[in-house]
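Reader: I'd like to go through the voids and a few helix contacts here. Can we start with what you mean by a cavity?

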Amino acid sequence: MGLVPSKWRGTCQDETKNAVTCNRKLIGARYFNKGYAAYAGPLNSSFNSARDHEGHGSHTLSTAGGSLVYGASVFGYGNGTAKGGSPGARVAAYKVCWPQVNNGGCFDADIMAAFDAAIHDGVDVLSVSLGGDASDYFTDGLAIGSFHAVKRGIVVVSSAGNDGPKDASVSNVSPWMITVGASTIDREFTNYVALGNRKHLKGMSLSTKGLPSNKFYPVISSLDAKAANASAQDAILCKPGTLNPKKVKGKILVCLRGENPRVDKGEQAALAGAVGFILANDMQSGNELIADPHVLPASHVNFSDGAAVFNYINSTKNPMAYLTRVRTQLGIKPAPFMASFSSKGPNTITPEILKPDITAPGVNIIAAYSESIGPTDQTFDKRRIPFNAQSGTSMSCPHISGIVGLLKTLHPDWSPAAIKSAIMTSARTRDDNMEPMLNSSNLKATPFSYGAGHVRPNRAMDPGLVYDSTVNDYLNFLCAIGYNETQLQIFSQKPYKCPKSFSLTGFNYPSITAPNLSGSVTISRTVKNVGTPGTYTASVKAPPGISVAVKPNKLEFREYGEEKSFRLTLKAKGRRVAEDYVFGRLIWSDGQHYVRSSIVVKA
């Protein structure tokens, strides 16, 4: 790579023997731990380092901006060329999270200090794969820090959270951030569970070991293998100390997903003497399968197949099973579908803003990994690998960050809001079967799962129209939700006078949400032409029980940068309107561009 850009003011900050050294790719690495130290007590010198001892930072940063690496794989699976979303980008790491002490590991003081440093250093994109419970913006360090970044033209991308499929679980809900959910890709690492009743059940794994071929083994439920002093609830989950080795030894053990880490269940099986391990989804996890680098031959099966395994064990005198070796499979259908762990709307802080904004690949993602920890991120794992597969909205967030980097290069004049709009309005809501995207329970997913839909980077390059916003629009948004002058100054840094009248119905967001529709409401929006001149016509798929009128329903643009406004009136039809949320969409099209907005209404 060429010389580091002259605008860069960052540094490599490290005071340990095993110091991080910068180069022309990794141009900055800083650590922030004063907030953590104030809570946890004095820290030893090993904490004065930006080095990644956990793998999370390496994985996310390489996903966002890693260069091309040929022959990357996880134990030989998924072999190919790895590259980040913006492979030509310079990258910098800002370490704000530390080992948990009394449920605390990432502190607002450290997060906000890192935002300040990144702004000073000259970053263009901030990829923030962390978050906590949603809270008021003036008490949320991520919301405050990201506001100051956006104010300076930096795009901030954040994770929606991993608390799904529970409703209203989404975090990082401020409208100036891009909030990202997680969905699957069309590649899987599959193997099969063969039962003695000739049933073959498809599972997933990254186990390096396989069982000797053509030999079936006794299979036992962890409930039947529970230790005398263990509860049935803990034993079915294969928690530490709940298994009786005499019952497990030489058998394939079946455990239920939930509570304790998936890979730890496999470790407990191995410690008890199991030759293999079947991880069965609970009902909440549905069809979501994760390929984990288990320490013994293993297979992760979905809820219905797990139930079939338990039924077989309970109905057979001598149940037997076999696990096939893992294979990489491409062209999986349907894909994408929403991960069950991906946090969902509605937005609990400002229901008028739909969150998440977008979904991106976040399941079984291969990226770079720290070699100071094993691939399971557990102390018992002594293996070391340079690439690993991980799942979470932490993995989907940097996909969007990489795309943002490309869009900023292509369109340096676009604001953070314009880039967000381009990504959102060009997204898709259908899978590779051309059917509506599903969730992990095989039910139709909604905008509360995917926001605008699954990202389409190439379409985002030329969106046609964008919904733009300025810093003053965001301050007016805070005025509209009732923030006083003191609270506003946390964001504005100087006195800001609220307009006499500003309603959230006029906040120029790329999605449209009416959470408390009583009778009718009129929502105003403004779109800016960032493509060729043309006439756009509105088409609407109205939410069930709601009428939607768009005025005007034609917008003519004669030049680049021209703006036009429209009004969209939502009206409940009669008294039989459902009292839960309903969904529709608005599309502006000139025949070449399709500018899509989700419509979310609760009457």
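Author: On a 1 Å grid over the protein atoms alone, a cavity is a set of points where a 1.4 Å probe fits but cannot get out. One caveat first: this is a predicted model.

Reader: Fine. How many cavities of 30 Å³ or more are there by this rule?

Author: The count comes to three.

Reader: What space lies in the largest cavity?

Author: About 50 Å³.

Reader: Which residues line the largest cavity?

Author: The lining is made of Val150, Val155, Val156, Trp176, Ile178, Pro416, Ala417, Lys420 and Tyr474. Two elements give two or more residues each to this lining: β8 (155-159) and α10 (416-425).

Reader: Which element has the largest share of that lining?

Author: Helix α10, with three residues.

Reader: And by class, what does the lining of the largest cavity have?

Author: Eight nonpolar residues, one charged and no polar.

Reader: Next one down. What volume does the second largest cavity have?

Author: About 40 Å³. Its lining consists of Pro175, Ala417, Lys420, Tyr467, Ser469, Tyr474, Asn508, Tyr509 and Pro510.

Reader: How do those residues divide by class?

Author: For the second largest cavity, six are nonpolar, two polar and one charged.

Reader: Switching to open space. What volume lies in the second largest pocket?

Author: About 620 Å³. The pocket is lined by 25 residues, and the closest to its centre are Thr429, Arg430, Tyr450, Lys541 and Arg585.

Reader: Which elements give two or more residues to that pocket lining?

Author: They are α11 (447-450), β28 (581-589) and β29 (594-602). The largest share comes from β28, at four residues.

Reader: How many charged residues are in the lining of the second largest pocket?

Author: Eight, alongside twelve nonpolar and five polar.

Reader: OK, helices. What angle and axis distance do you get for α13 and α14?

Author: Helix α13 (residues 471-480) packs against helix α14 (residues 485-492) at about 155°, and the axes are 11 Å apart. Angles over 145 degrees count as roughly antiparallel, so α13 and α14 fall in that class.

Reader: Is the crossing of α13 and α14 left-handed or right-handed?

Author: Right-handed. On the α13 side the contact uses Leu475, Leu478 and Cys479, and on the α14 side Leu488, Phe491 and Ser492. By class that contact has five nonpolar residues, one polar and no charged.

Reader: Which residues meet where α4 packs on α14?

Author: From α4 they are Ala143, Ile144, Phe147, His148 and Lys151, and from α14 Ile490, Phe491 and Ser492. The contact of α4 with α14 has five nonpolar, two polar and one charged residues.

Reader: What about the geometry of α4 and α14?

Author: The angle is about 55° and the axes are 8 Å apart. An angle between 35 and 65 degrees is neither roughly parallel nor roughly perpendicular, so α4 and α14 are oblique to each other.

Reader: Last pair. How do α3 and α4 cross?

Author: Helix α3 (residues 108-121) and helix α4 (residues 141-151) cross at roughly 10°, and their axes come within 9 Å. Angles under 35 degrees count as roughly parallel, so α3 and α4 are described that way.

Reader: And which residues make the contact of α3 and α4?

Author: Helix α3 supplies Asp108, Ile111, Met112, Phe115 and Ile119, while α4 supplies Gly141, Leu142, Ile144, Gly145, Ser146, His148 and Ala149. By class, the contact has seven nonpolar, four polar and one charged residues.

Methods
Residues numbered from 1 in each chain as written. Predicted model: local features only at pLDDT ≥ 70, side-chain atom pairs only at ≥ 80, totals over all residues. Heavy atoms only, no water. Axes fitted to C-alpha atoms, helices over the stretch in contact; angles between N-to-C directions. Parallel < 35°, antiparallel > 145°, perpendicular 65-115°, else oblique. Left-handed = near helix turned anticlockwise from the far one by under 90°. Contact = heavy atoms within 4.5 Å. Nonpolar A, V, L, I, M, F, W, Y, C, P; charged D, E, K, R; others polar. 1 Å grid on protein atoms, 1.4 Å probe; cavity = no way out; pocket = protein on both sides within 12 Å on 5 of 7 lines; lining within 4 Å. Points joined across faces, edges and corners; volume = space filled by probe spheres on them.
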